[in-house]
Amino acid sequence: MTTLDDLPLRDELRGMSPYGAPQLDVAVRLNTNENSYPVPDVAVAEMEKALAGVLRDLNRYPDRDAFALREDLAAYLGHGLSSRNVWAANGSNEIQQQLLQTFAGPGRTALGFLPSYSMHPLLAAGTGTAWVDGRRGEDFELTAEHAVAKVREIAPDLVFLCSPNNPTGTALPLEVVAAVAEAAPGMVVVDEAYAEFARTGTVFALSLIQRHPRLVVTRTMSKAFALAGGRVGYLAADPAVVDAVQLVRLPYHLSSMTQAVARAALAHTDALLSTVDAVKEQRDRIVATLRGWGLPVADSDANFVLFGAPRGDSKGIWQALLDRGVLIRDVGLPGRLRVTAGTPEETGAFLNALEELL
């Protein structure tokens with residue numbers, strides 16, 4: 001049987017593993033940071049109408065530039081942004097890959113600060129971009145001083161920041177983003193996939209775009225909008241960045257059906273985002289309960305919580321929870337596990353199972 005070692009694989013891809021979390025049929029799935037609440041009926045009805053409106057024309061290519069969707073996304077974001085500031089693709093992962101294809105690649109370097117979203121170094125490898133880990137502090141914090149020092153040391157072509165950070169869940173202070181944007185010689189990409197779940201008072205990088213033409217904010221409709229199966233991500237940036245990314249985008253990369261569903265969702269933003277507060281309540285319930293049990297827990301502005309496994313046994317606790325029908329995420333950090341905030345029933349099942357193991 002042929003193996004990867006028998007194929008002429010690129011050197012930088014050897015020894016790597018594909019990104020992914022276990023997809024197991026268990027009662028409680030809290031491992032991939034999905035929104036546990038289904039799409040509301042009112043939005044489903046509008047999505048069905050929108051799909052019916054495009055199905056007959058599937059013999060034609062979609063709007064290559066997704067112009068109407070970009071207008072709707074700009075209106076949702078606010079901050080004086082227009083469609084010229086926005087670009088959409090199949091999830092924020094494709095957006096970030098396009099940014100690497102455009103501004104990084106062979107002979108260029110991307111800088112990130114791990115632990116963070118594990119797709120960033122994989123995307124860098126896939127585009128032939130050298131990856132440098134600037135690392136975080138012992139408590140996973142990232143200060144402006146440390147980040148700027150690494151930017152000046154490495155002089156990267158592209159910097160990844162993650163706010164709220166995955167897997168820790170904590171949002172970056174805005175001064176960190178601003179300091180990096182001032183110091184970086186190349187592009188700065190701020191991954192804000194979980195922004196809608198942030199605690200009150202959190203300020204995000206959208207407010208900095210008008211002042212920093214090399215700053216890009218990426219977001220997704222997979223989390224707060226509960227459209228993980230829809231695969232819609234987008235960026236906000238200076239119009240010149242949007243023009244540049246279109247140099248590498250695949251023709252007709254966003255289907256007519258995807259665009260129609262996303263626009264219908266954005267027309268019912270209030271209904272789709274009505275579950276955000278409920279998710280935040282369960283997140284805060286997890287944080288308070290685990291801290292009450294004496295477990296170390298990171299502050300979270302996302303829909304998940306990173307916590308210290310009892311007795312530091314992350315692999316054993318993960319398996320024991322799975323044996324009890326609860327699937328969470330082993331993110332590869334020694335002694336740490338990550339759990340998504342689900343419905344009250346799902347959260348209760350997780351807490352009850354974990355309490356048995358204390």
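## Close-up views of a predicted model

**View 1. The whole chain, with its overall build.** The protein chain holds 12 helices and 11 strands (DSSP runs, H or I of at least four residues for helices and E of at least two for strands, numbered from the N terminus). Its radius of gyration is 21 Å, close to the 21 Å that the globule rule gives for 358 residues, so the chain is as compact as a globular protein of that length (taken over C-alpha atoms, the rule being 2.2 Å times the number of residues to the power 0.38). This is a predicted model, in which local features need pLDDT of at least 70 and side-chain atom pairs count only at pLDDT 80 or more, while totals for chains, interfaces and linings use all residues. Residues are numbered from 1 along each chain as its sequence is written, and side-chain values use heavy atoms, with hydrogens and water left out. Of the 358 residues, 53% are buried (under 20% relative accessible area; exposed is over 50% and partly exposed lies in between, with a 1.4 Å probe and protein chains only).

**View 2. Helix 6 and its buried face.** Helix 6 covers residues 174–183, and its buried residues are Val 176, Val 177, Val 180 and Ala 181. Seen down the helix axis, these buried residues fall within an arc of 130°, so they line one face of helix 6 (the arc is that of the directions from the helix axis to the C-beta atoms). A handy reminder here: an α-helix has 3.6 residues a turn, so residues three or four places apart point the same way. Glu 175 and Glu 182 are exposed on the face turned away from the buried side. The cover over the buried residues includes helix 5 (144–154), strand 5 (158–162), strand 6 and strand 7.

View 3. His 212 sits in the loop between strand 6 (187–191) and strand 7 (215–220). With 10% relative accessibility, His 212 counts as buried. Leaving aside residues up to four places away in sequence, His 212 touches Ala 178, Ala 181 and Glu 182 (a contact means heavy atoms within 4.5 Å). Ala 181 is also one of the buried residues of helix 6, whereas Glu 182 is exposed.

**View 4. Leu 247 and Thr 102.** Look for Leu 247 in the loop between helix 7 (239–245) and helix 8 (256–266). Leu 247 counts as exposed, at 73% relative accessibility. Thr 102 is 145 residues away from Leu 247 in sequence, yet their C-alpha atoms are 7.5 Å apart in space.
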